[in-house]
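My entries follow the order in which I looked things up.

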Amino acid sequence: MNGNQKKKTIVHKSAMPFYAAGAVFLLWALITPIYRLAFLLIGAAVSVAAYLAAKKFFPGRVEEYIVEEYTGDEELDKQIKFARELSVRIGAIAKETPDEAIRKDLESIAVSTGRIIEDVVRDSTGRNDAYTFFSYYLPTLDKLLSFYTADVGAGENAQESKTRIRNSLDMVASAFEKQADNMYKNEAMDIKTDIAVMQTMLRSEGLIDKK
């Protein structure tokens with residue numbers, strides 16, 4: 001599970017404890033004078049006991065599922081959804097690729113794409129930096145990979161195009177990794193500032209060597 005996903009949990013309660021309580025109360029009503037208050041109260045107590053006992057044996061079913069996080073910007077969220085789907089497809093292509101170098105390039109591209117999505121969802125300040133990534137680079141990569149995985153025959157032009165695509169994947173992987181790293185430049189500046197301020201305060205209080 002990556003950083004732009006959340007795990008949700010739903011507990012589906014079993015109906016068996018209710019059935020058990022109802023059955024016990026009905027049986028009690030058939031064999032006792034339930035119209036008497038004492039027997040009515042005893043029947044209710046026995047039914048509650050049956051409910052609690054059945055609840056231990058039939059606790060219910062726990063269901064966990066993943067919820068994707070988005071930004072709330074309708075247009076950007078469409079691009080993020082497309083990016084996530086493309087990232088999954090790139091991972092699937094990588095698994096089916098026998099060439100180790102190409103497989104590593106595709107896996108790197110998928111990882112970098114996920115990091116960029118995570119940063120955009122988490123921090124709105126990075127959205128402008130990722131505009132070209134979402135609006136041009138990913139659609140172009142999708143077009144290239146669609147051609148690369150298609151059965152285009154053994155013609156010279158088709159095979160030459162596939163070779164060009166294969167040769168470009170290393171460049172794309174490096175560029176995407178750099179783009180992903182650039183998304184953290186604001187955080188890097190904040191961290192640098194925080195450390196500098198902390199060092200100044202520690203020195204002023206004589207907690208570290210002033211040199």
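**Entry 1: terms.** I needed one term before starting. A helix here is a DSSP run of H or I with at least four residues, and helices are numbered from the N terminus. I also noted that this is a predicted model.

**Entry 2: the whole chain.** I listed the elements next. The protein chain has seven helices and two strands. From the N terminus on, I read them as β-α-α-β-α-α-α-α-α. Of the 211 residues in the chain, 26% are buried. Residues 24 or more positions apart account for 68% of them. The chain exposes about 14,400 Å². Carbon and sulfur atoms supply 58% of that area.

**Entry 3: salt bridges.** How many salt bridges does the count come to? I got three.

I began within helix H4. Lys-104 and Glu-100 meet through their side chains in a salt bridge, at 3.3 Å from N to O. The two are four residues apart in H4, so about one helical turn separates them. Glu-100 is partly exposed, at 44% relative accessibility.

I found a second pair in helix H6. Arg-164 forms a salt bridge with Glu-160, and their closest N and O atoms are 3.4 Å apart. Here too the residues are four apart, about one turn of the helix. Is Arg-164 buried or exposed? Arg-164 is exposed, because its relative accessible area of 58% is over the 50% cut-off. Glu-160 is partly exposed at 38%.

The remaining entry on my list was Asp-142 with Arg-89. Their side chains meet in a salt bridge of 2.1 Å, N to O. Asp-142 lies in helix H5 and Arg-89 in helix H3, so this pair ties together parts that are 53 residues apart in sequence. Arg-89 is partly exposed, with 29% relative accessibility.

**Entry 4: helix H5.** I stayed with H5 and checked its geometry. The helix covers residues 131–149, 19 residues in total. From first C-alpha to last it reaches 27 Å, close to the 27 Å expected at 1.5 Å a residue. Where does H5 bend? I found a bend of about 30° at Tyr-137. A proline, Pro-139, follows within four residues.

I then wrote down the buried residues of H5: Phe-133, Phe-134, Leu-138, Leu-141, Leu-145 and Tyr-148. They pack against helices H3 (74–96), H4 (100–122) and H6 (156–182).

**Entry 5: Ile-109.** I picked this residue in helix H4. Ile-109 counts as buried, because its relative accessibility is 0%. Which residues touch Ile-109, leaving aside neighbours within four places in sequence? I listed Ile-90, Leu-141, Leu-169, Val-172, Ala-173 and Phe-176. I looked at Ala-173 again. Ile-109 and Ala-173 are 64 residues apart in sequence, yet 5.0 Å apart in space, C-alpha to C-alpha.

**Entry 6: a surface patch.** Last, I turned to the outside. Met-16, Phe-18, Tyr-19, Phe-57 and Phe-58 form a nonpolar patch on the surface. Together they have about 610 Å² of accessible area. Which helix gives the most to the patch? Helix H1 (residues 16–31) does, with three residues. Met-16 has its place in H1. Met-16 is partly exposed, at a relative accessible area of 36%.

How values were computed
Residues numbered from 1 in each chain as written. Predicted model: local features only at pLDDT ≥ 70, side-chain atom pairs only at ≥ 80, totals over all residues. Heavy atoms only, no water. Patch = residues over 30% accessible without salt bridge, like charges linked within 9 Å, V, L, I, M, F, W, Y side chains within 5 Å. Areas by Shrake-Rupley, 256 points an atom, 1.4 Å probe, with all protein chains shown as cover. Salt bridge = Lys/Arg side-chain N within 4 Å of Asp/Glu carboxyl O. Buried < 20%, exposed > 50% of the residue type's maximum accessible area, 1.4 Å probe, protein only. Expected span 1.5 Å × (residues − 1). Bend = angle between axes of the 7 residues up to and from the residue. Contact = heavy atoms within 4.5 Å.
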